[in-house]
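Please keep the sequence and the three-dimensional view at hand while reading.

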Amino acid sequence: MPGAMRQSTSNLELLTIYEVSKILGSSLDLQQTLREVLRALAYQLQMHRGRVYLVGEDNVLRLVAANGLSNEAAAQIEFRDGEGITGRILKTGMPAVVPNLAEEPLFLNRTGGREDLDEQVASLVGVPIKAAGVVVGVLTIDRISDEGPQGHFGSDVRFLTMVANLIGQTVRLHRTVAEERRFMMRETFRMQKELRPIAAPINDVVCTSPNMLEVMAQVHRVAPFKSTVLIRGESGTGKELIARAIHNMSPRKDAPFIRVNCAALPESLLESELFGHEKGAFTGAQKDHKGRFELASGGTLFLDEIGDISPNFQAKLLRVLQEQEFERVGGSKTIKTDVRLICATNLNLEEAVGHGKFRADLYFRINVVTIHLPPLRERRQDIGPLARHFVAKFAKDNGMALVMEDEALEVLNRCTWPGNVRELENCIERAATQSRDGIIRTESLSCSLNLCNSSVLFQYRTLGASVGGLAPSMGPGSVNRVPPGRPGVPAPANAPKTPAMPAPMPEPAGAGGGAWPACASGCSAGPSPVCGAAQPVVPVPLIPLPLPEPSVPAAAAPAPTSTANAAPPLAAEVPLDEPESGSLRDRLLWAMERTGWVQAKAARLLGMTTRQVSYALRKYNIEIKRF
């Protein structure tokens, strides 16, 4: 009879192993699978209060599945290495049997549910869960009896060890799959981060830099829609080229693309050009004239330099953008139009709105989709491809073979290019005309001839940048430079005050013996006469503009005391970003008083633009006198 019972128990254990193997392979949800395994053990072999603990990445043993315990409660239970009975099994990697939990001092009862140990005897059997020889968890069950602790638990240990091995293989498989999935996600994210959106090439747009590739991707995304686009960037960055690309990739590509330069037309003529006029609307209007909005109907209208239109005309333009209808000048008939508007500007529209020069409602109307074009100095990877593109274009247009040396290309890569792509194209064309044998060498470049435009424009920046103008350099570290070989000497205290006007263009070498000015672009081109960016420069003291003084007869003018004092001081640029020095405010007041508060005349006197003077007057809160 005992043999038959052992045979029956063995068959039941074999059947349970079969059921456990099926359960472990039935689902990808590890927690749910382990709970089903514990239910099978309780149902088939009366192994109650089953618990499965697994080691996490922080080497803490956590309860992941338990009979009679919710997932939330199980997630709060954990053991350290060697802590309690479960922690001891994890540390030693050996099975453990506790015949009577009520008498075991290591029993912590963290999972609860064993408050009735005084009424019935509960024995605990625990085995380690191993995978590839490493302990990854612990499996424990309770044997409950009313007759006292059993004497032999060998069969339970052997059976649970087999179950734990199956669980270990399943845990290892799940973790391997999860790790591979995380690795694939990391790789996908890394590749997506490294590989910028690859957009189809756009005609005449040469770019390889990441920021320009992002612009191209943005062009592809926005082109199919009718949304208004605002293209922003410095002068010469290719805003019209991007506008044409958007039109050519849109459903309107077969309709007209009409371009209007708002800065080139006065307000009265701009209104007639955009809206059209009726016959007899004004002197010279001998027939009806269709405006650009009417001509571009069904296509795209590109308004370049939109930040330069007057506030009065901004209100008229706003109605057309909102209602898509207008009247011709001198007419009363309302004309419907269907245009996609693309605007461009190199001005700071936000500052213009803050100063009341640009309507906020028009700003929000045109600023639907904004595309920022980076300057060439921020996309230096494109200088080489652009230079080769312009060389090939010049060679094709002029029917000649033309190449560029690598040394010349290195010089171009070191330039600052304040004029951006337009300046680069002009520089290549200038150098191509100087090449004698179809090879553009370093000595053919403007910087080697000390005719670098960057050298001049680089000195004018920052002050007028917010309103699109140019201003003397006021960046950190900018110093006044003098021609090589002519060291600057501080002017004496009694030196005559001389207006600081822009320095005259230098004479060619050999013409008057004068030295060339340093190239501010830092291209360091050679040979002689070389670009002087790499040569040491000597700072020259700032010379403020004079205050108005009473006229003195020529006879009363004091004679120079020495030959040194007779030489006029070198012209020096004055930093305009130092209001605390008071020099700019005094110069502005002097110039405005001298010219009767006419800004254009004061600008010519100061060697500045009218826009710079207007901006500086607002900056220093100088009230303009009216006469």
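The model is predicted: local features need pLDDT of at least 70, side-chain atom pairs count only at pLDDT 80 or more, and totals for chains, interfaces and linings use all residues. Residues are numbered from 1 along each chain as its sequence is written, and side-chain values use heavy atoms, with hydrogens and water left out. Helices (H or I, at least four residues) and strands (E, at least two) are DSSP runs, numbered from the N terminus.

Strand β11 belongs to an open sheet of 5 strands in the order β8-β11-β14-β7-β15, with parallel pairing. Two strands pair if DSSP finds at least two bridges between them. Strands of a sheet pair through backbone hydrogen bonds, either parallel or antiparallel. The edge strands are β8 (257-261) and β15 (369-372), each of which pairs on one side only. From one strand to the next, the twist averages 20°.

On one side, β11 (residues 300-304) runs parallel to β8 and is joined to it by 5 bridges. Arg-259 has Phe-302 of β11 as its bridge partner, and Asn-261 has Asp-304 of β11. With β14, β11 pairs in the parallel sense over 4 bridges. Phe-302 stands opposite Ile-342 in β14.

## The antiparallel sheet

A further open sheet has 6 strands in the order β3-β2-β1-β6-β5-β4, and its pairing is antiparallel. Strands β3 (78-79) and β4 (96-98) stand at the edges with a single partner strand each, so one side of each is left without a neighbour in the sheet. Strand β2 (residues 61-66) and β3 run antiparallel and are joined by 2 bridges. Arg-62 has Glu-78 in β3 as its bridge partner.

Helix α2 (residues 30-45) packs on this sheet, where it touches β1 (48-55), β2 and β6 (134-145); its direction makes about 60° with that of β2. For such angles, axes are lines fitted to C-alpha atoms, for helices over the stretch in contact, and the angles run from 0 to 180 degrees between N-to-C directions. Contact means heavy atoms within 4.5 Å.

Helix α4 (residues 84-92) lies across β1, β2, β3, β4, β5 (121-131) and β6, and runs at about 140° to β6. Thr-86 has its place in helix α4. Is Thr-86 buried or exposed? At 9% relative accessibility, Thr-86 counts as buried. Not counting residues up to four places away in sequence, Thr-86 touches Tyr-53, Leu-61, Phe-79, Val-138 and Thr-140. The C-alpha atoms of Thr-86 and Phe-107 are separated by 8.8 Å, and the two residues are 21 residues apart along the chain.

## Helix pairs

| Helix pair | Axis distance | Angle |
|---|---|---|
| α13 (residues 383-398) and α15 (residues 420-434) | within 9 Å | roughly 50° |
| α19 (residues 599-606) and α20 (residues 610-619) | within 8 Å | roughly 105° |
| α8 (residues 267-275) and α10 (residues 311-323) | 10 Å | about 10° |

Angles under 35 degrees count as roughly parallel, over 145 as roughly antiparallel, 65 to 115 as roughly perpendicular and the rest as oblique. The axes of α13 and α15 cross at roughly 50°, which makes α13 oblique to α15. The contact involves Ile-383, Leu-386, Ala-387, Phe-390, Val-391, Lys-393 and Phe-394 of α13, together with Val-421, Leu-424, Glu-425, Ile-428, Glu-429, Ala-432 and Thr-433 of α15. By class, this contact of α13 with α15 has 10 nonpolar, 1 polar and 3 charged residues. Ala, Val, Leu, Ile, Met, Phe, Trp, Tyr, Cys and Pro count as nonpolar, Asp, Glu, Lys and Arg as charged, and the others, Gly among them, as polar.

The axes of α19 and α20 cross at roughly 105°, which makes α19 roughly perpendicular to α20. Gln-599, Ala-600 and Ala-603 of α19 make the contact with Thr-610, Val-613, Ser-614 and Leu-617 of α20. The classes here are 4 nonpolar, 3 polar and no charged residues.

Helices α8 and α10 are roughly parallel to each other.

Key. Buried < 20%, exposed > 50% of the residue type's maximum accessible area, 1.4 Å probe, protein only.
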